[in-house]
Amino acid sequence: MIALTIFFVLIVLIALIFTKKIVELKKGKKQADAQLAGMKINKLSSPGTVKTLSILPLIDYYTDNVDLKTEPGVSYLVSADDTNILLDVGFNKKKEHPSPLLHNMKTLGISVSDIDMIFFSHLHLDHLGGMTEQKEKTFSLSQGSVSLPNVPVYAPARLSASRWNPGPEPQIIKDPVVLKEGIASIGVIPRYLFLMGYTLENALAINVEGKGIVLIIGCGHQTIERIIERTQALFDEPIYAIIGGLHYPVNGGRIMIGPINIQRIVGSDNPPWVSIRETDVQSAISAIKSVSPKIVALSPHDSSDWCIDQFKQAFGDTYVDVKVGQKIEI
Ligand SMILES: [Zn+2]
Ligand SMILES: [Zn+2]
């Protein structure tokens with residue numbers, strides 16, 4: 001009898017929490033959409049250009065090199081002319097020191113002192129270096145002391161300097177801004193996600209001379225449709241490449257708890273019974289096709305193999321794999 005009562009109370013509790021989350025989702029989604037609609041976006045004046053650009057995935061879900069580590073997170077070394085930008089710092093799910101990021105950097109011959117700027121796409125665990133980092137709104141390159149050079153750190157919302165990597169306080173950049181000749185942030189796009197809640201995500205836009213805008217994206221919670229719309233509002237140049245996460249864990253995912261595809265539930269602004277669908281992937285493909293980019297490279301950290309196959313079929317020779325240690329030259 002006691003066991004039955006406990007079971008009943010538990011069911012009621014879960015139902016109550018779930019109902020609360022659904023109510024919050026509805027409200028949050030409305031607020032995020034209203035905030036986006038209220039943003040005044042002007043063309044970037046004098047964004048400048050870079051002559052050369054490469055993107056080297058340091059952390060992502062796949063690699064062809066057995067000496068490198070992989071995980072469902074993101075860290076890319078973006079080299080634009082002589083500026084090295086570290087976009088996000090990976091997951092470090094096992095709280096290691098050296099972290100998979102540091103291990104891969106060492107294996108690839110990259111030193112922390114090579115980094116000129118750190119740019120955070122958004123403040124989720126797989127981009128900040130761990131769950132604790134997400135909770136405490138901080139970041140870490142590894143779970144041990146790493147002396148960071150005195151480089152600027154940009155984040156889309158309040159973030160503290162890392163206790164492991166003391167350095168300057170991160171600066172919040174919400175608006176589109178030119179960070180350096182040819183290197184810009186497209187500015188935050190707000191979205192309210194089920195369980196993850198209110199999320200502000202930013203992306204890098206690099207203007208490559210004679211080619212156009214190369215977008216480098218973290219998780220893609222903004223939706224690619226909105227990222228394209230924002231980019232077109234900021235630049236006259238065409239979109240040349242779309243590289244990074246777009247969050248389509250459809251028909252499979254990288255973080256499973258038993259049969260539950262966690263990424264599909266938490267990364268959506270729909271309730272769990274709708275979540276992220278095959279039709280969303282097809283809409284994304286149509287939106288990307290409408291701007292005819294010359295390179296499309298989808299991060300496998302938050303999109304499924306099924307989704308990657310859809311992209312490969314849709315984009316043919318334009319599609320490039322994102323793999324740790326495999327440099328994408330623009
Ligand atoms: Zn992610
Ligand atoms: Zn995310």
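What spacing do the donors of the zinc ion (ligand 1) follow along the chain? The answer is D-H-x91-C-x81-H, and it makes a handy way into this predicted model, in which local features need pLDDT of at least 70, side-chain atom pairs count only at pLDDT 80 or more, and totals for chains, interfaces and linings use all residues. Residues are numbered from 1 along each chain as its sequence is written, chains are lettered from A and ligands numbered from 1 in the order in which they are written, and side-chain values use heavy atoms, with hydrogens and water left out.

The protein donors behind that spacing are Asp126 (OD), His127 (NE2), Cys219 (SG) and His301 (NE2), which lie 2.1 Å from the zinc ion (ligand 1). Donors here are N, O and S atoms within 2.8 Å of the metal (3.2 Å for Na, K and Ca), and sites may look incomplete, as water is not among the atoms. The four donor atoms make angles of 98 to 133° with one another, and the site of the zinc ion (ligand 1) is tetrahedral. For four donors, that term asks for all angles to lie between 85 and 135 degrees.

Helices (H or I, at least four residues) and strands (E, at least two) are DSSP runs numbered from the N terminus. Cys219 has a relative accessible area of 2% and is therefore buried, and His301, at 0%, is buried too. Buried means under 20% relative accessible area, exposed over 50%, and partly exposed in between (1.4 Å probe, protein chains only).

On a 1 Å grid over the protein atoms alone, a cavity is a set of points where a 1.4 Å probe fits but cannot get out, whereas a pocket is an open set with protein on both sides within 12 Å along at least five of seven lines; lining residues have an atom within 4 Å of a point. The largest pocket holds about 630 Å³ of space. It is lined by 27 residues, and Leu123, His124, Leu125, Gln134 and Met196 are the closest to its centre. Helix H3 (125-128), helix H4 (131-136), strand E10 (197-201) and helix H6 (262-266) each supply at least two residues of this lining. By class, the lining of the largest pocket has 13 nonpolar, eight polar and six charged residues, where Ala, Val, Leu, Ile, Met, Phe, Trp, Tyr, Cys and Pro count as nonpolar, Asp, Glu, Lys and Arg as charged, and the others, Gly among them, as polar.

The second largest pocket has a volume of about 270 Å³. Its lining has 17 residues, with Arg191, Thr223, Tyr248, Asp269 and Asp280 nearest its centre; by class, three are nonpolar, nine polar and five charged. Thr223 has a further feature, a positive phi of about 85° although it is not a glycine. Thr223 lies in the loop between E12 and H5 and counts as buried at 17% relative accessibility.

The structure holds one cavity of 30 Å³ or more. The largest cavity has a volume of about 40 Å³, and its lining is made up of Thr132, Glu133, Glu136, Thr138, Phe139, Ser162, Arg163 and Trp164.

There are three aromatic pairs in the structure. One of them joins Phe120 and Phe139 in a tilted arrangement, 5.0 Å centre to centre with 55° between the planes. Rings of Phe, Tyr and Trp (its six-membered ring) pair if their centres lie within 6.5 Å; planes under 30 degrees apart count as stacked, over 60 as edge-to-face and the rest as tilted. Both Phe120 and Phe139 are buried. Phe311 and Phe315 have ring centres 5.6 Å apart and planes at 50°, so this pair is tilted. Both residues lie in helix H8, four residues apart, about one turn of the helix.

Finally, the backbone has a cis peptide bond joining His97 and Pro98, with omega about 0°. Pro98 is found in the loop between strand E3 (83-87) and helix H2 (100-107).

Methods: Tetrahedral: all angles 85-135°; square planar, octahedral: opposite > 155°, others 65-115°. Points joined across faces, edges and corners; volume = space filled by probe spheres on them.
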